[in-house]
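Please keep the sequence and the structure in view while reading.

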Amino acid sequence: KTLKSNVLVTLVRVEYNGAVLGDSPKTDVLPNGTAKYDFSTSFECSPDGPNSLDVIVQKPLLLTVLEVGPREKKKPEKITPLGQAVVDLLPLLQGVRSLRVFAPLHAVPASSSEKLHPEAKGGLEVTVSTTELLLSATQFSSGNLLSITVEAAYSVPEVFSVEAQQNYMACLQIPAAGEKELLLLFQNGILKASGEKEPLPRPKNWPLDTILAPGALTIPDSFIVGGPYEDEDGELTRSEDREFRMQAESTKRIVWDTERRCYLDAAAVATLQKRIAECRYWPVELCKMSMASGGKGKTSRAEKGDEDKQIAFHGVAYVNMMHLLCPGVKKIRGAFRVFSYEDSEVFEKTRIQHSIFRDLRSQLSLVKEGLGTSPVSRAAPSKAQKEDRDSSETVRSREARGTMAALISLCQHWLQTARPREQCLSPQYGEAGTFLVMEIKLDRPLVPRRLREELARRVKEMIPSRPVLSPRTEGAQKAVEDYHKRITNVAVAILREYHELFGKQLPDQGLIDQETLEEQKRQLNYELNTSGKYFAFKEQLKYSVVKIVREKYLKTTAFETQEQLQAFLSELYVYLVDNMHIALNKLLSGEDVPPAPPSCTTMEQLCLFAREAEANKDFKLASLFYKQTIARDPHSIQSWLDYGAFCLLHENATKAQECFHKALCLDPQHIQSLLLCGIVAVSLQHYEEAEIFFEDACCLEPSSIIVWTLSGLFYELQNNYIQAERNFREAKKLLRAQLEEERRI
């Protein structure tokens, strides 16, 4: 669509993985700027073939629109590339069998489309389909997609020259599908002179070198967005490194901005996870190689010697991959210092005994990775092109093969002789402070983060909710009511004994004098004592008094001193006499006596009394006040937390754990209760339970600075410094946002 008005006849060439799949028929351009090609082609995808899943996942389909000029007498048709478009085939590995896209068409430099109307935007409507799913649902769910982006190397040595033709490369080795090892090579890094910083966001590029339209190198909807240095996962994240990094980003640097992808099957995912657990540091090697011009045939020894002088530098950056074993982490991005490659140091840090550039050069496949010619000149000719090709193209092909032979010979000679040169030149990486910025991303985390539902279930298993209890007769109120009932029964029995001894006193008989009353009282006491009824009445009252002591005053242990006992007995005596009067008045008057007035102390006052006693180191009294707050309102979460904190500080952690668990039973989503349950679990060395509590708190309150800080301290205590660092970083991010909001207000 949207072809220029002066373009009359075009065709589309379809290529994949360096091979031409076919050319569409020549099609006239309609007046509205559209052309309908109606062309189909295919290629085979197989694990052992040239187009394996690893190729599908990282290489796009390339479409080139070619303009066909009018045929002149005794001359072939002139075919000129106008633009190129790419189609990402990744959705075909994500459960999609048919993919229909509108691929933007990027102009080829110096083409007629760019010269005439560079602002116009065209595109190709493309449909890609497969006969069957490339990955089954099981394979897709058990596998993973690994994406590695090498952005740039900053603060490179001063000896790097912008004018020299150099190939700057980076490479690392990862486990791939089918228990294979995959070498991911990033090459043709661009050395840029000092100047403005790289823009953000900026697009990521395909790992393609043989392409005519530079705009087609960008991966659709994939960008490098950057971010604060403090939020990165690598090195140089401290505040004192900030100025150095800002300066380095505007000085001489090598830019790749290239993303490579790799499909990992279930076995490769397990291998990746195992290797990270065995050794957290993975090496990323860097080097540079001269791109000398080649001649026909083989190069002479003198030429090789001249080229050998242009080759230098073999470095390595150590990437801490342990972040990917943290729950829920799918991406790490950061800056990693580059050091000179030394076998002993690399083996000590990574347990790897070989160098990719030195020992695995036969597996790099440098020719396939872009040291060939452009796709148009490399393309297999169509039938029309075969008819019109002249002898000059044959000559150019021979020259290209001579250039290729020279480059391959140069690569092999350099790789064989690089080791002595590295030892004298590569230390400049350390002197210059070179660092590599890269990103490693997974489609799904290696260790999934536990869901909120699972965490809630685990917490519920550790603290089962207690069933609602039926009303207890041993409660404080019931104990008082029982005491009133016993007093009433004893009073009725004593009145009955009195009537049996002295008869009933009628109202019209007048009042009995004091001496008669005293005599009757003496005779009644004698009768009760001699008959044993006095002790029977005492036994009836004894049980109700014990219940009041236990339920009302919460006294279940012996007194330590006689003074404490006497003080308590005095208080208890006053309380029992007061309630005896209430019960007797109610009995004799036949009317309900108003209840005793409520306590003058409030919950706030009891808390203040408890803290005051605690400050005075009167821990027994403080404990009594805390218990009274709980007795006043057993459903108060804060009362349980206060008493639990008191027990944790001054008594024992087990009782504190009971209090915190009770508070969490009242509200399973109470953040403070979760944190305190985690803290007391750590003090009791129940570390697995503590992790559940802290993780649940982070899920419930992800915007809490305290939650992330306490969780980080827990992981630091467990020597899990990677997870601790991530949690502290999250807390710092929230704190920075909070301070910025306060400054704004």
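The sections below move from the whole chain to selected residues.

## Overview of the chain

The model described here is predicted. Its chain contains 25 helices and 17 strands. Of the 745 residues in the chain, 41% are buried.

Strand β1 covers residues 9-16. Seven of its eight residues are buried, so β1 is largely enclosed by the rest of the structure. In a regular strand, side chains alternate between the two faces of the sheet.

Which strands pair with β1? Strand β2 (residues 19-23) is antiparallel to β1 and is joined to it by four bridges; within this pairing, V14 has G22 as its bridge partner. Strand β3 (residues 27-28) also runs antiparallel to β1, with two bridges between them, and here V9 is partnered by D28. Strand β4 (residues 61-68) pairs with β1 over six bridges, again in the antiparallel sense, and its residue L62 stands opposite E15.

The strands β1 and β2 form a hairpin with two residues between them. In this hairpin, N17 adopts a positive phi near 55°.

## Aromatic pairs and a cluster

The structure contains 17 aromatic pairs. One of them is formed by F160 and F313. Why is this pair called edge-to-face? The ring centres are 4.8 Å apart and the ring planes stand at 90°, so the pair is edge-to-face, since planes over 60 degrees apart are placed in that class.

The two residues of this pair belong to distant parts of the chain, 153 residues apart. F160 is in the loop between β8 (144-154) and β9 (166-176), while F313 is in strand β15 (residues 312-320). Are these residues buried or exposed? Both F160 and F313 are buried. Together with Y168 and Y429, they form one aromatic cluster.

## Charged side chains over rings

Two examples show a charged side chain placed over an aromatic ring. K349 lies over the face of Y318, at 5.3 Å from the ring centre. In the other example, the ring belongs to F347, and R351 lies over its face at 5.4 Å from the ring centre.

Helix α14 spans residues 476-502 and includes A491. Why does A491 count as buried? Its relative accessible area is 16%, and the cut-off for a buried residue is under 20%.

Which residues does A491 touch, leaving aside those up to four places away in sequence? They are L584 and L587. A491 can also be compared with F537: the two are 46 residues apart in sequence, and their C-alpha atoms are 9.4 Å apart in space.

Rolling a probe the size of a water molecule over the atoms shows where empty space is left. The structure holds four cavities of 30 Å³ or more. The largest cavity contains about 90 Å³ of space.

Which residues line the largest cavity? Among them are V57, L90, L93 and Q94. The lining also includes L135, F140, G143, N144 and L145, as well as Y263, D443 and R444.

How values were computed: Residues numbered from 1 in each chain as written. Predicted model: local features only at pLDDT ≥ 70, side-chain atom pairs only at ≥ 80, totals over all residues. Heavy atoms only, no water. Phe/Tyr/Trp six-rings, centres within 6.5 Å; stacked < 30°, edge-to-face > 60°. Buried < 20%, exposed > 50% of the residue type's maximum accessible area, 1.4 Å probe, protein only. Lys NZ or Arg CZ within 6 Å of the ring centre and 35° of its normal. Pairing = 2+ DSSP bridges. Contact = heavy atoms within 4.5 Å. 1 Å grid on protein atoms, 1.4 Å probe; cavity = no way out; pocket = protein on both sides within 12 Å on 5 of 7 lines; lining within 4 Å. Points joined across faces, edges and corners; volume = space filled by probe spheres on them.
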